[in-house]
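Dear colleague,

I am passing the structure below on to you, followed by notes on what was found in it. Please read the notes with the coordinates open beside them.

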Amino acid sequence: MADIADSERAARPAPRRLGGGWGRRLVVGVPTLWLALFFLLPFFIVLRISVLEMDGAQFTALFGRDADGQWQFNAHLQSYALLLQDSLYLSTYGSSLLYAAVTTLVCLLIGYPFAYFMARAAASLQPLLLMGVMLPFWTSFLLRVYAWKGLLDTQTGWVGTVLVDLGVDRVLYALGFIPAPGQLMYSPFSLVLGMVYTYLPFMVLPLYGTLSKMDLRLLEAAQDLGATAWQAFWRITVPLSRSGIVAGAMLVFIPCVGEYVIPELLGGPETLMIGRVLWDEFFANNDWPVASAVAVVMVLLILVPLVLLNKSQSGEGARA
Amino acid sequence: MSTSTQDRAFLRIESVTKDFGGFRAVDQVSLDVARGEIFALLGSSGCGKSTLLRMLAGFETPTAGRVLLDGVDLAGRPPYERPVNMMFQSYALFPHLSVWDNVAFGLRRDGLPKAEVAERVDAMLKLVQMTDFARRKPHQLSGGQQQRVALARSLAKRPQLLLLDEPLGALDKKLREETQIELVNIIRRIGVTCVMVTHDQEEAMMMASRIAVMSQGRFLQIGAPHEVYENPATRFVADFIGNVNLMDGTVDGAAEIRCADVVHRLAEAPAVAQGQPVTVAVRPEKIRLDVQAPSGDRNQVKGVVTAFSYFGDHTVYHLELPSGARLKANLENERRQGEQAFAQGDVVWASWQPGAQVVLTE
């Protein structure tokens with residue numbers, strides 16, 4: 001029987017490979033074109049501006065003829081040199097990465113148990129819980145962030161008054177997260193709170209995806225082999241949800257680094273983030289080359305770890 | 001309890017019941033399994049065999065009754081504190097761990113020193129001939145190799161009781177036969193007491209020393225494979241294990257049963273009252289087919305061949321008897337021949353020895 005099945009398989013023509021065909025080219029081509037038009041092209045425009053100089057209200061030309069009529073390539077790197085010389089930029093990059101990292105960590109700590117219990121809840125309840133996670137998207141992001149201003153007000157906002165009544169503000173002050181007891185707004189605390197609040201669903205959804213797909217018999221197997229529920233969680237559940245953790249962390253970390261609106265509304269003088277610097281360079285200083293250089297470095301700052309991660313994951317994929 | 005009784009009842013299941021809400025999955029079953037025995041729970045899906053196995057592993061708690069292992073009541077002990085290991089259906093190997101780490105998982109949970117873990121994992125991998133694959137991940141293995149790793153993992157902790165949940169269910173037919181023998185050899189060499197669950201009667205008969213046939217949460221019959229096959233206790237068991245011809249009749253005379261098409265002469269008088277309705281069961285391989293009426297004291301009936309199924313090594317002929325009843329007979333294909341011994345529409349005599357039938361009252 002087995003032999004017959006084998007020879008049948010051999011005789012059957014191999015299924016047509018999903019190569020060639022116009023349909024396939026279209027499906028791959030549209031997103032490629034999209035990325036080329038709306039990411040790559042603008043990126044090169046910004047890159048070009050970043051190596052130019054301001055000549056009054058005009059940019060200097062990248063290519064030009066000198067007095068002898070020879071073609072010249074006029075790339076200037078002083079915008080980048082400025083980024084290195086002025087400690088404002090470096091420290092702002094640093095604090096952006098720090099706030100993004102802290103936000104990601106807090107999102108993971110809140111989001112993991114959240115996603116875990118969602119994935120283990122009764123199957124009939126799960127769509128409802130999923131709905132709950134996505135419900136905030138139905139209201140404008142700007143309004144929701146703005147609402148925190150009112151909520152965190154220690155005189156009138158109920159969250160603020162409750163936190164002060166509980167003495168949480170004194171703890172936060174001791175930890176250096178707020179400038180003074182009784183002032184929750186315009187602080188690292190309110191900034192991170194706002195970013196965690198906004199980006200939590202982006203952590204929960206991929207985690208829920210991997211956790212709900214997990215084969216629960218693996219946990220039984222672990223228990224059967226002597227693992228307590230807690231050991232089974234750390235040895236089996238967490239490693240198997242790695243891809244969800246990585247995806248969630250990326251989805252939170254990357255937009256947080258360049259976040260402009262939340263620091264603007266909820267942050268204070270100490271919480272200068274690179275998005276704000278970018279805005280100021282473009283629209284307050286009108287120094288487009290420096291602004292462009294700031295943007296280019298920010299993209300690279302995010303892109304490099306992303307590429308490395310991608311590489312390690314595809315390596316893992318080849319082995320796994 | 002004396003040592004010999006403890007050996008005979010190494011695993012003792014005492015009127016165990018399991019209810020899920022209003023549904024009774026396991027209904028007051030009792031069973032003794034001897035030390036070193038391979039015991040099979042056989043039944044179709046939903047008969048309660050898996051629930052019983054899960055109660056032995058500690059994943060389910062009996063609603064009533066007790067489970068004793070080597071004289072110790074297992075009640076209240078979670079799975080990770082039982083000297084019981086299970087080989088899961090389709091294996092449940094940890095996909096993110098290598099073969100070696102899968103086998104080492106249980107030993108590490110026990111906090112054994114590193115050197116001893118390594119020694120025992122290596123010995124286990126050698127036992128199942130998977131030493132060369134120690135660094136592989138489970139998805140890089142074939143089904144048969146995964147099965148061997150799962151076996152090594154469940155034996156690594158030297159459990160007192162090994163549970164096998166459909167051990168060969170995920171393998172294709174040819175591989176299943178080879179693996180069966182290998183699996184039994186390993187279990188016997190280790191000497192571990194083993195309870196397996198299967199819906200495949202061939203698997204149960206080939207591997208187990210005793211079988212319990214289960215239906216609707218109860219044991220219908222417990223016995224050695226040949227007992228269950230040759231002396232089924234009920235119509236259900238006769239029908240569930242192997243193929244069988246069932247004929248309704250009544251006891252008539254000392255050792256005769258009158259059915260619609262044939263009067264069965266028995267080798268000895270059945271322990272059944274005169275005139276009582278019974279069922280006579282005859283296995284197809286016990287029936288011979290002839291063109292002429294056979295001589296001697298063989299039970300015989302004339303029928304018409306309505307169909308046949310060719311299996312290579314044997315052919316199953318379907319006969320229609322005068323009353324319209326059907327009869328299946330297996331004919332071994334002893335000789336190479338171009339065509340079948342009988343064709344559709346042939347009139348043939350089916351006959352069998354007086355001792356070939358089983359008389360069933362239930």
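Chain B is divided by the domain assignment into domain 1 (3–236) and domain 2 (247–360), the bounds coming from an automatic or database domain assignment. The centres of domain 1 of chain B and domain 2 of chain B, taken over C-alpha atoms, are 39 Å apart. Where they touch, 4 residues from domain 1 of chain B meet 4 residues from domain 2 of chain B, a contact being a pair of residues whose C-beta atoms, placed from the backbone, lie within 7 Å. On the side of domain 1 of chain B there are 1 nonpolar, 2 polar and 1 charged residues (nonpolar are Ala, Val, Leu, Ile, Met, Phe, Trp, Tyr, Cys and Pro, charged are Asp, Glu, Lys and Arg, and the others, Gly among them, are polar).

Please keep in mind that this is a predicted model, in which local features need pLDDT of at least 70 and side-chain atom pairs count only at pLDDT 80 or more, while totals for chains, interfaces and linings use all residues. Residues are numbered from 1 along each chain as its sequence is written, and chains are lettered from A and ligands numbered from 1 in the order in which they are written.

Chain A has 15 helices and 4 strands (helices are DSSP runs of H or I with at least four residues, strands are runs of E with at least two, and both are numbered from the N terminus). The radius of gyration of chain A is 26 Å, whereas a compact globule of 320 residues would have one near 20 Å; the radius is taken over C-alpha atoms, and the globule rule is 2.2 Å times the number of residues to the power 0.38. The C-alpha trace of chain A spans about 85 × 70 × 35 Å along its principal axes. Of the 320 residues in chain A, 27% are buried, where buried stands for 20 or more other C-beta atoms within 10 Å of a residue's own, exposed for 12 or fewer, and partly exposed for values in between, with C-beta atoms placed from the backbone.

Between the chains, 17 residues of chain A are in contact with 18 residues of chain B. Helix 10 (217–224) and helix 11 (229–240) of chain A are the elements that give two or more residues to the chain A side, and helix 10 of chain A provides the largest share, 6 residues. By class, that side of chain A has 9 nonpolar, 4 polar and 4 charged residues.

In chain B, 5 strands form an open antiparallel sheet in the order 13-12-11-14-20, strands being paired if DSSP finds at least two bridges between them. Strand 13 (263–265) and strand 20 (358–360) of chain B are at the edges with a single partner strand each, so one side of each has no neighbour in the sheet. Strand 12 (residues 256–259) of chain B is joined to strand 13 of chain B by 3 bridges, and Ile257(B) stands opposite His264(B) in strand 13 of chain B.

Val26(B), in strand 2 (residues 23–33) of chain B, is buried because 29 other C-beta atoms lie within 10 Å. The C-alpha atoms of Val26(B) and Arg218(B) are separated by 6.5 Å, although these residues are 192 residues apart along the chain.

Finally, phi of Asn286(A) is near 55 degrees, a positive value in a residue other than glycine; Asn286(A) counts as exposed, because it has 11 C-beta neighbours inside 10 Å.

Best regards

Key
Contact = placed C-beta atoms within 7 Å.
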